[in-house]
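Student: Could you take me through this model feature by feature, giving the general idea before the particular case?

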Amino acid sequence: MHSIDAKKHIQQKDLAKALNLSTMTISKALRNHSDIKLETRLRVQKLAKDLGYKPNFVARNLSAQKTYMIGVVMPKIAHSFYSSVLDGIQTQVENSGYEIALMVSRESAAKEGLDILTLISMRVDGLLVSVSQESSRESFRDVKNLGIPLVFFDRAIDELGFSSVLVDDRAGAFKAVEHAIKMGYKDIVHFAGYPNVDISRQRQAGYCDALEKYNIPVNNDKIIESGFGEEAGYRSFMEIYQANALPEVIFTVSDSVACGVYRAAREVGLVIGKDFGIIGFTDINVASILSPALTTVHEPAERMGTEAAKLLISQIENSEPFEKQKIVLPAELAVRESCGELLISD
């Protein structure tokens with residue numbers, strides 16, 4: 001190995017000369033790229049650390065005409081589902097030699113639009129987006145016109161022509177409602193999200209599919225559009241409670257909505273699992289520790305993030321035009337105590 005003056009500013013070409021490797025190999029090894037053997041990566045990274053090598057991001061980005069930055073836009077971050085998705089994204093992105101710039105839309109279409117424009121101005125190489133509940137197609141016009149790779153995750157706008165990684169929302173909702181029906185229930189209300197968001201439409205469709213399969217009439221009065229958050233669940237429950245229209249089971253579009261129902265039921269003195277049942281969707285961290293534990297549809301959050309990042313990076317690094325892809329992950333029902341055998345026990 002050639003010696004290096006430890007006082008000079010170490011560059012990749014110095015590491016390459018010292019280890020008798022190409023600068024391309026050094027660059028990839030420093031980014032932990034899987035193209036390079038693990039032994040070589042470790043050798044390069046050790047020497048770089050020993051010599052105090054600091055990457056010159058400006059030079060790297062200019063030479064590659066890339067920023068090695070991926071923009072991520074999600075509707076919320078203080079939520080175990082999205083934090084798990086972000087874990088999956090970050091692991092995959094870092095393993096591929098990129099970094100992320102995170103924006104949180106807070107369920108606002110205006111904020112989402114500004115976030116996307118900000119990331120475009122930062123010259124990100126691609127975008128990973130879960131749309132807000134108020135999202136509009138206008139936010140993505142510039143992305144489309146500029147040809148910036150984008151992959152939706154969890155929530156998508158399908159007709160825009162971008163790739164997406166989703167859970168099978170319709171099948172998951174069907175499993176949830178079918179479970180309630182098999183437990184003996186027929187009066188099932190759905191607290192739905194907003195119809196402009198794809199997951200709302202798909203979960204509502206699954207709810208209707210299950211009712212129709214078991215010859216239970218679909219009553220639009222039993223579909224209450226409320227949103228995705230806890231306050232939406234609280235308001236919707238109070239609405240039906242005050243109207244003396246409490247059903248046997250409530251199927252909520254999200255676990256956050258279900259949490260709002262728990263709070264409202266406790267406030268009015270009703271017992272979930274005894275006075276009525278409830279089934280959620282997502283399987284957030286608190287679902288299993290609620291009292292009673294929430295029966296819900298499990299979404300593989302971290303895997304969703306990993307698959308979305310993989311798909312986006314493959315589109316960024318492939319110079320050929322890419323075709324729209326849709327990856328659909330399975331949704332499984334986690335059966336717990338919140339949807340008990342109310343009718344059967346009677």
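Student: Against which elements do the buried residues of helix 12 pack?

Tutor: Helices (H or I, at least four residues) and strands (E, at least two) are DSSP runs, numbered from the N terminus; buried means under 20% relative accessible area, exposed over 50%, and partly exposed in between (1.4 Å probe, protein chains only); contact means heavy atoms within 4.5 Å. Here the buried residues of helix 12 pack against strand 1 (69-74), helix 5 (80-95), strand 3 (126-129), strand 4 (150-153), strand 5 (163-167) and strand 11 (326-329). Among those buried residues are Ala 301, Met 304, Leu 312 and Ile 316.

Student: What should I keep in mind about the origin of these values?

Tutor: This is a predicted model, in which local features need pLDDT of at least 70 and side-chain atom pairs count only at pLDDT 80 or more, whereas totals for chains, interfaces and linings use all residues. Residues are numbered from 1 along each chain as its sequence is written, and side-chain values use heavy atoms, with hydrogens and water left out.

Student: How do I read the length of helix 12?

Tutor: The expected span of a helix is 1.5 Å times one less than its number of residues. Helix 12 (residues 301-317) has 17 residues and spans 25 Å from its first C-alpha to its last, close to the expected 24 Å.

Student: At what angle do helix 1 and helix 2 pack?

Tutor: Axes are lines fitted to C-alpha atoms, for helices over the stretch in contact, and angles run from 0 to 180 degrees between N-to-C directions; under 35 degrees counts as roughly parallel, over 145 as roughly antiparallel, 65 to 115 as roughly perpendicular and the rest as oblique. Helix 1 (residues 12-19) and helix 2 (residues 23-30) pack at about 110°, their axes 8 Å apart, and are therefore roughly perpendicular to each other. Helix 1 contributes Gln 12, Lys 13, Leu 15, Ala 16 and Leu 19 to the contact, and helix 2 contributes Thr 23, Ile 26, Ser 27 and Leu 30.

Student: In what order do the strands of the open sheet lie?

Tutor: Two strands pair if DSSP finds at least two bridges between them. Six strands form the open sheet in the order 7-6-8-9-10-12, with mixed pairing, and its edges are strand 7 (223-225) and strand 12 (332-334), each pairing on one side only. Strand 8 (residues 249-252) and strand 9 (residues 277-282) run parallel, joined by three bridges.

Student: Is Cys 259 buried or exposed?

Tutor: Cys 259, which lies in helix 11 (residues 255-268), is buried, with a relative accessible area of 15%.
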